[in-house]
Amino acid sequence: MNQSQQKTAESSSSSSWISNVFRCLVARRLKRRQLLHSDRQIQVGDKYVDYPNNRITTRRYNFINFIPKNLLLQFSRPANMYFLILGLLQLIPEISNSNGKPTILMPLAIIILISSIKEIIEDLRKRKFDNAENSKLTLALKNDTFKAAKWEDLYVGDIVRINESQYVP
């Protein structure tokens, strides 16, 4: 075989390899899609089975998890982690120019405190917005009549009446 025939054979074998991989991936995806959609069931009349209500929550923190989540967020930033490591290294008198006193930790603590206060204010605004959205009223069909219901009290399968220029819950 000469060089041009070898290159042609190599390119055809690589293209067939790529097409085989592509066919395999497509077949896997189709099989997965069939498995996911083959066992769908529609339940009528039993709307509170496994469905969540329509309540939205965009806030990040609650009273219990604020400190751990916020510290994790603060120290996931590279600059804060860098200054924390520098502060810990300042505790070693042999390598520190501050005689073992972590002078960099005070500015770091102030920055983290200011960022935490900003996060609290932002989270309180999110909570206020969530409560305003969740307490909006719409007309929902209950016992053959449309009655006012809060958006957070709606479930999958509830029939709602939407008037002109009204938002969909």
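Reader: Before we start, what do buried, exposed and partly exposed mean?
Author: Buried means under 20% relative accessible area, and exposed means over 50%. Partly exposed is what falls in between.

Reader: Where does Leu-91 fall?
Author: Leu-91 has 43% relative accessibility, so Leu-91 counts as partly exposed, between the 20% and 50% limits. One thing to keep in mind: this is a predicted model.

Reader: Noted. Where is Leu-91 placed?
Author: Leu-91 sits in the loop between α3 (78-89) and α4.

Reader: Let me step back. What does the secondary structure of the protein chain come to?
Author: Four helices and three strands. From the N terminus on, the order is α-α-α-α-β-β-β.

Reader: How many residues are in the protein chain, and what percentage is buried?
Author: The chain has 169 residues, and 17% of them are buried.

Reader: Which helix holds Leu-108?
Author: Leu-108 is in helix α4. Its relative accessible area is 7%, so Leu-108 is buried, being under 20%.

Reader: How far apart are Leu-108 and Ala-79 in sequence and in space?
Author: They are 29 residues apart in sequence. From C-alpha to C-alpha, the distance is 9.7 Å.

Reader: Switching to Ile-67. Where is Ile-67 found?
Author: In helix α2, residues 66-75. Ile-67 is exposed, at 59% relative accessible area.

Reader: What separates the C-alpha atoms of Ile-67 and Ser-116?
Author: A distance of 8.9 Å. Along the chain, Ile-67 and Ser-116 are 49 residues apart.

Reader: Salt bridges next. How many does the structure hold?
Author: Five. One of them joins Arg-60 and Glu-119. The closest N and O atoms of this pair are 3.5 Å apart.

Reader: Which parts does that pair tie together?
Author: Arg-60 lies in the loop between α1 (3-38) and α2, and Glu-119 lies in helix α4. The partners are 59 residues apart in sequence, so the bridge ties together separate parts.

Reader: Is Glu-119 buried or exposed?
Author: Buried, with a relative accessible area of 6%. Arg-60 is partly exposed, at 38%.

Reader: What meets Lys-142 in a salt bridge?
Author: The side chain of Asp-158, at 3.9 Å from N to O. This pair links distant parts of the chain, 16 residues apart. Asp-158 is in the loop between β2 and β3 (160-161), while Lys-142 is in strand β1. Asp-158 is buried at 14%. Lys-142 is partly exposed at 25%.

Reader: And which residue does Glu-133 form a salt bridge with?
Author: Lys-136. The closest N and O atoms there are 3.0 Å apart. Glu-133 counts as buried at 18%, and Lys-136 as partly exposed at 31%.

Reader: Now the inside. How many cavities of 30 Å³ or more does the count come to?
Author: One. The space in the largest cavity is about 30 Å³.

Reader: Which residues line the largest cavity?
Author: Arg-60, Tyr-61, Glu-119, Glu-122, Asp-123 and Lys-126. Five of these are charged and one is nonpolar, with no polar residue.

Reader: What about the second largest pocket: how much space lies in it?
Author: About 190 Å³. Its lining includes Arg-59, Tyr-61, Asn-62, Phe-63 and Phe-66. Ile-120, Asp-123, Leu-124 and Arg-127 line it too.

Reader: Where does the largest share of that lining come from?
Author: From helix α4 (residues 105-134), which gives four residues. By type, the lining has five nonpolar, one polar and three charged residues.

Reader: Last topic, backbone angles. What is phi of Asn-99 near?
Author: Near 55°, a positive value in a residue other than glycine. Asn-99 is in the loop between α3 and α4. Asn-99 is exposed at 66%.

Reader: And where is Asn-143 found?
Author: In the loop between β1 (137-142) and β2 (145-150). Phi of Asn-143 is positive too, near 55°. Asn-143 counts as exposed, at 69% relative accessibility.

Conventions: Residues numbered from 1 in each chain as written. Predicted model: local features only at pLDDT ≥ 70, side-chain atom pairs only at ≥ 80, totals over all residues. Heavy atoms only, no water. Helix = DSSP H or I, 4+ residues; strand = E, 2+ residues; numbered from the N terminus. Buried < 20%, exposed > 50% of the residue type's maximum accessible area, 1.4 Å probe, protein only. 1 Å grid on protein atoms, 1.4 Å probe; cavity = no way out; pocket = protein on both sides within 12 Å on 5 of 7 lines; lining within 4 Å. Points joined across faces, edges and corners; volume = space filled by probe spheres on them. Nonpolar A, V, L, I, M, F, W, Y, C, P; charged D, E, K, R; others polar. Salt bridge = Lys/Arg side-chain N within 4 Å of Asp/Glu carboxyl O.
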